[in-house]
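This briefing covers one protein chain, grouped by topic. The sequence and the structure come first.

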Amino acid sequence: MSKKIMRILFLVCLISLTVNSQTLDKDSSRSDKAKTILRLAQEAIYQNAKMGTIKTIQVKSSGTSVMDSTNRIEGESQPRLSSVKQTIDENILLEFDDKISRTTTSFSANKNPIENFTKIEGVLNGDKFSFKTDLISDGKRIDMNAIFNSPFMSESMKKQMKEAQEKAKPTKESFQKSVLTELFPILLNMNWMKDKKFIYIGKAEAGEKRADILEIETDTGRQTRYFFDEKTHLLLMITDEISKDEKSSKTTTYFDDYQLFDGLLVAKKVNREIESSLENMELEVMGKKRKMSSKSKMVSETLIKEFNINPTFKPDAFTVKESQ
């Protein structure tokens, strides 16, 4: 199904949901219907493979992303505009469920990729976890400690940067959750979603195309919906919306070009759009406290290059290294 059709599905689902909600509110079997749809989706993707026999997987992907952002800082007459283009390579190794290795390397589109890149390595092995980031600019590794110790940077700015860096570091739990969430649309492994409750909320229609919509039930204000093709039962799209305080974001992920990999039907092409905004965040600029508002939009396309079921990994594949 084309991306255009999926966009139409997303738009018209609002009409369908309005109609369906009249009966769904009184229907106590929404959870059971969601389980049926998920079971059919599992049957659709597990063509010549059996879920219970999968012990290890490897996923290699590559993609491109473009992020455009607008920042408005109090006291400045013109907004600050930026556009960042990157290519991204990723390699995920998984040994169910507590051994994970993910390496993500991103390259700036307008610089020599051999001498300018960011490499992020996370390794989980049972209770042990390591996370390492290497920033390479013009062939040299950037030492963040040296930046924090720079005499030319104000103490308040150093503090803000350190706090942002610490906040960005994942924990063992958040790392595992992020990888399994990323792999869930491929394997539809419900063991990874035991803390989630899916409910059926309606259908989206576009001409002869129809999709069943499932939503993860939550009271946190976050809304995550899954769109499954009514006929093929393949996952077409996921929408995820979050709004908290001054922050909001909306992510739409499209799945297309399903192909067989090791007996499993996998969406080879994944397109994603992320729109986010931040209002009136306080920060310090040149020794003065100012408020900043920002809006950004990122568009990315990822292609699955390799997907292997039950590969044999090297002995050091999940060796936990010192975090940086």
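Lys 55 is found in the loop between H2 and strand E1 (56-73); helices (H or I, at least four residues) and strands (E, at least two) are DSSP runs, numbered from the N terminus. The model is predicted, so that local features need pLDDT of at least 70 and side-chain atom pairs count only at pLDDT 80 or more, while totals for chains, interfaces and linings use all residues. Residues are numbered from 1 along each chain as its sequence is written, and side-chain values use heavy atoms, with hydrogens and water left out.

**Lys 55**
- Lys 55 counts as exposed, at 52% relative accessibility (buried means under 20% relative accessible area, exposed over 50%, partly exposed in between, with a 1.4 Å probe and protein chains only).
- Apart from neighbours within four places in sequence, Lys 55 is in contact with Leu 94, Glu 95, Phe 96 and Asn 310 (contact means heavy atoms within 4.5 Å).
- The C-alpha atoms of Lys 55 and Ile 309 are separated by 7.8 Å, although the two residues are 254 apart along the chain.

**Overall make-up**
- The protein has five helices and 13 strands.
- Of its 324 residues, 38% count as buried.
- Among contacts with a separation of 6 or more, 53% are between residues 24 or more positions apart.

**Helix H2**
- H2 (residues 30-45) has 16 residues and reaches 23 Å from its first C-alpha to its last, close to the 22 Å expected at 1.5 Å a residue (the expected span is 1.5 Å times one less than the number of residues).
- The buried residues of H2 are Ser 31, Ala 34, Ile 37, Leu 38, Ala 41, Gln 42, Ala 44 and Ile 45.
- These residues lie on the same side of H2, because they cover an arc of only 160° around the axis (the arc is that of the directions from the helix axis to the C-beta atoms).

**Backbone features in loops**
- The peptide bond from Phe 96 to Asp 97 is cis, with omega near -20°, and Asp 97 is found in the loop between E2 and E3.
- Leu 188 is not a glycine, yet has a positive phi of about 50°.
- Leu 188 sits in the loop between helix H5 (172-187) and strand E7 (198-206) and is buried, with a relative accessible area of 3%.
- Asp 262, also not a glycine, has a positive phi of about 50°.
- Asp 262 is in the loop between strand E11 (247-261) and strand E12 (264-285) and counts as partly exposed at 45% relative accessibility.
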